[in-house]
Amino acid sequence: MPLQHKPSGRLISFEGSEGSGKSTQISLLAARFVSENRDVVTVREPGGTEIGEQIRNIIVHNSKGDEMTAETELLLFAAARAQLVREVIAPALMAGKIVLSDRFLDSSTVYQGIARNLAADPVAQINRFAVGNVMPHLTVVIDVPTEVSLARLKQRASDLPDRMERENIDFYTKVREGYLVLAQGMPERFILVDGTKTADVIEKKIWSEIQARLT
Ligand code: TMP
């Protein structure tokens, strides 16, 4: 049965490299919507459901992680997404809520498709199967130069980098370029912001774009 939702529910996804400042901006945007009396749900990928968090652990903190193939990784991310869409996102949209998602299907297009070099067609098909008809109304890409993103990663309090964070500069350069290509190719869905500006400037830019574009 196809998933359906009321027109007033809106899904906004946030994308970008590690250390791009997504979580800060998601909190600030959530506060803006709350101040306008909108119900807001925030979720993160992979995760956001009990099953999804278990899948996240397999992907990110697996002692056998280095043996995981790119195909397995793609399917695990898709599995976590399929669960999140049906358990949390679609019901929230049906109830007319604003859903802010820290990553969504574009992460698979970029990380598994472009950076891990999996063929674009199967990645797109698997993405479509996982999300059903639930697509983001708008997607914010926070762009930061790779060196900035890696420097911010190093500064983070967490002791050891996880599996994805151990990737090298070439990988993250492909991630960054992948997002830029997507954003430039679909300007009606994407909002591209400069992540080197202050949090305050970025927040104002995102909010003005969303007000202008969220119908
Ligand atoms: P994060 O919590 O910093 O967003 O980490 C999630 C990691 O998983 C990050 O390295 C991006 C990666 N990822 C993918 O490779 N593909 C995906 O589809 C998703 C959702 C995340």
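The legends below accompany close-up views of a predicted model.

View 1. Five strands form an open sheet in the order β2-β3-β1-β4-β5, and their pairing is parallel. The edges of this sheet are β2 (40-44) and β5, each of which pairs on one side only, and the twist averages 20° from one strand to the next.

**View 2. The pairing of β2 with β3, and the helix that packs on the sheet.** Strand β3 (residues 98-102) runs parallel to β2, and five bridges join the two; within this pairing, Val41 has Val99 of β3 as its bridge partner. Helix α3 (residues 70-94) packs on the sheet, where it touches β1, β2 and β3, and its direction makes about 160° with that of β2.

**View 3. Helix α7 and its surroundings.** Helix α7, which covers residues 169-185 and so has 17 residues, reaches 24 Å from its first C-alpha to its last, close to the 24 Å expected at 1.5 Å a residue.

View 4. The side chains of Arg32 and Glu203 meet in a salt bridge, at 2.6 Å from N to O. This pair links distant parts of the chain, since Arg32 belongs to helix α1 (residues 22-35) and Glu203 to helix α8 (residues 199-213), 171 residues apart. Arg32 is partly exposed, with a relative accessible area of 27%, whereas Glu203 counts as buried at 11% relative accessibility.

View 5. Glu73 and Arg116 meet through their side chains in a salt bridge of 2.8 Å, N to O. Because Glu73 lies in helix α3 and Arg116 in the loop between α4 and α5 (120-131), the pair ties together parts that are 43 residues apart in sequence. Glu73 is buried, with a relative accessible area of 0%.

View 6. The structure holds twelve salt bridges, and one of them joins the side chains of Arg213 and Glu209 (3.1 Å, N to O). Through salt bridges that share partners, Lys205, Glu209 and Arg213 are joined into one network.

Note on methods
Residues numbered from 1 in each chain as written. Predicted model: local features only at pLDDT ≥ 70, side-chain atom pairs only at ≥ 80, totals over all residues. Heavy atoms only, no water. Helix = DSSP H or I, 4+ residues; strand = E, 2+ residues; numbered from the N terminus. Pairing = 2+ DSSP bridges. Axes fitted to C-alpha atoms, helices over the stretch in contact; angles between N-to-C directions. Contact = heavy atoms within 4.5 Å. Salt bridge = Lys/Arg side-chain N within 4 Å of Asp/Glu carboxyl O. Buried < 20%, exposed > 50% of the residue type's maximum accessible area, 1.4 Å probe, protein only.
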